[in-house]
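The sequence and structure come first, and the description follows.

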Amino acid sequence: VVGGDMEIYENAALLTLDLATLTVVLGEIELYMNVNLTSIDLASLESTGGDLDITFHDSLKSIDLSSITLIKDELWLRKNASLLKVVIPNLEKVGGDMDIDKNPSLLNIAGLEKLKTVGGRVWVRDNSELQTINLSNLQSIADELEVNGNTALLSLDLSALNSVGAELKIYDNPALKTLDLSELPALDSELVISSNIALVVVDLSKLKTVNTFFHIYGHPALTT
């Protein structure tokens with residue numbers, strides 16, 4: 001147990017970070033700019049009392065968060081140039097923002113199937129090799145949802161999502177073929193689904209109200 005914050009940064013010779021027996025951090029975890037770090041093992045970590053921020057690692061290939069269920073504030077996985085895989089199968093709640101942003105080598109996120117609520121925004125942006133992200137049990141996002149610039153993303157399952165507190169924007173994902181928003185009844189802000197050129201099916205079957213703008217455009221293959 002760590003009773004406060006845990007910060008590990010700017011350690012140029014650090015190659016691996018093995019904290020496999022750590023279970024709880026009562027503050028935030030900030031890991032950044034360890035330029036030669038290749039792996040992070042936090043396999044026993046169950047919760048954080050603040051942010052979990054893993055950012056600016058040139059050589060990082062894998063992150064193991066197998067046991068984590070709660071991140072009290074933000075989850076940021078950003079600008080990790082070589083990151084291939086994130087294992088996070090038991091996460092149920094993020095109290096603040098969740099940003100998966102600018103990880104150009106990331107192929108898959110093994111998990112997020114149990115994630116139910118996000119207390120801030122959700123950004124999944126500019127992960128050019130990401131093929132799948134399973135958010136099939138995500139029910140509530142307190143702020144905006146933005147998914148864009150994921151050039152290999154094939155499908156996006158948001159089939160349990162019934163509440164978004166701000167804009168919903170899904171655009172410039174050129175391989176995306178299916179989009180399931182079948183439980184979403186209303187939006188207080190704008191809906192933008194645009195320029196996903198392979199998109200064939202969008203399911204908005206329960207949507208009754210959009211209080212500002214409704215934009216769906218730039219989909220030459222869209223049939224439903």
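## Overall fold

Residues 24 or more positions apart account for 25% of the contacts in the protein that have a separation of 6 or more; a contact means heavy atoms within 4.5 Å. The model is predicted, so local features need pLDDT of at least 70 and side-chain atom pairs count only at pLDDT 80 or more, while totals for chains, interfaces and linings use all residues. Residue numbers start from 1 along each chain as its sequence is written, and side-chain values use heavy atoms, with hydrogens and water left out.

The protein has 28 strands and zero helices. Its radius of gyration is 18 Å, close to the 17 Å that the globule rule gives for 224 residues, so the protein is as compact as a globular protein of that length. That radius is taken over C-alpha atoms, and the rule is 2.2 Å times the number of residues to the power 0.38. Helices (H or I, at least four residues) and strands (E, at least two) are DSSP runs, numbered from the N terminus. Along the principal axes, the C-alpha trace spans about 50 × 30 × 25 Å.

## Surface and burial

Of the 224 residues, 46% are buried. Buried means under 20% relative accessible area, exposed means over 50%, and partly exposed lies in between (1.4 Å probe, protein chains only).

Two strands pair if DSSP finds at least two bridges between them.

Within this sheet, β9 (residues 70-71) pairs with β12 (residues 93-94) in the parallel sense over two bridges. The bridge partner of L70 in β12 is K93.

## Strand β25 and its neighbours

Strand β25 covers residues 191-194; L191 and I193 point one way, V192 and S194 point the other way, and all are buried. Four bridges join β25 to β22 (residues 168-171), and these two strands run parallel. In this pairing, I170 stands opposite I193.

Strand β25 is also joined by four bridges to β28 (residues 214-217), again running parallel. Here the bridge partner of L191 is F214.

## Two buried positions

N34 is found in the loop between β4 (29-32) and β5 (39-41). Is N34 buried or exposed? N34 is buried, with a relative accessible area of 0%. Not counting residues up to four places away in sequence, N34 touches I8, Y9, E10, N11, L14, F56 and H57.

V147 has its place in strand β19 and counts as buried at 2% relative accessibility. With the residues up to four places away left out, V147 touches V124, L153, L156, K169, I170, Y171 and N173. V147 and I100 are 47 residues apart in sequence and 9.6 Å apart in space, C-alpha to C-alpha.

## Salt bridges

Side chains of opposite charge can pair when their charged atoms come close. The structure holds eight salt bridges, each being a side-chain nitrogen of Lys or Arg within 4 Å of a carboxyl oxygen of Asp or Glu. One of them joins R78 and D53 (3.5 Å, N to O). This pair links distant parts of the chain, with R78 in β10 (residues 75-80) and D53 in β7 (residues 52-57), 25 residues apart. R78 is partly exposed, with a relative accessible area of 22%, whereas D53 is buried, at 6%.

The side chains of R121 and D97 also meet in a salt bridge (3.6 Å, N to O). R121 is in the loop between β15 (117-118) and β16 (122-125), and D97 is in the loop between β12 and β13 (98-101), 24 residues apart. D97 is buried, with a relative accessible area of 14%. Another salt bridge joins R125 and E146 (3.7 Å, N to O). R125 lies in β16 and E146 in β19 (residues 145-148), so the pair ties together parts that are 21 residues apart in sequence. R125 counts as buried at 15% relative accessibility, and E146 is buried at 8%. A network of salt bridges links D101, K102, R125, D126 and E146.
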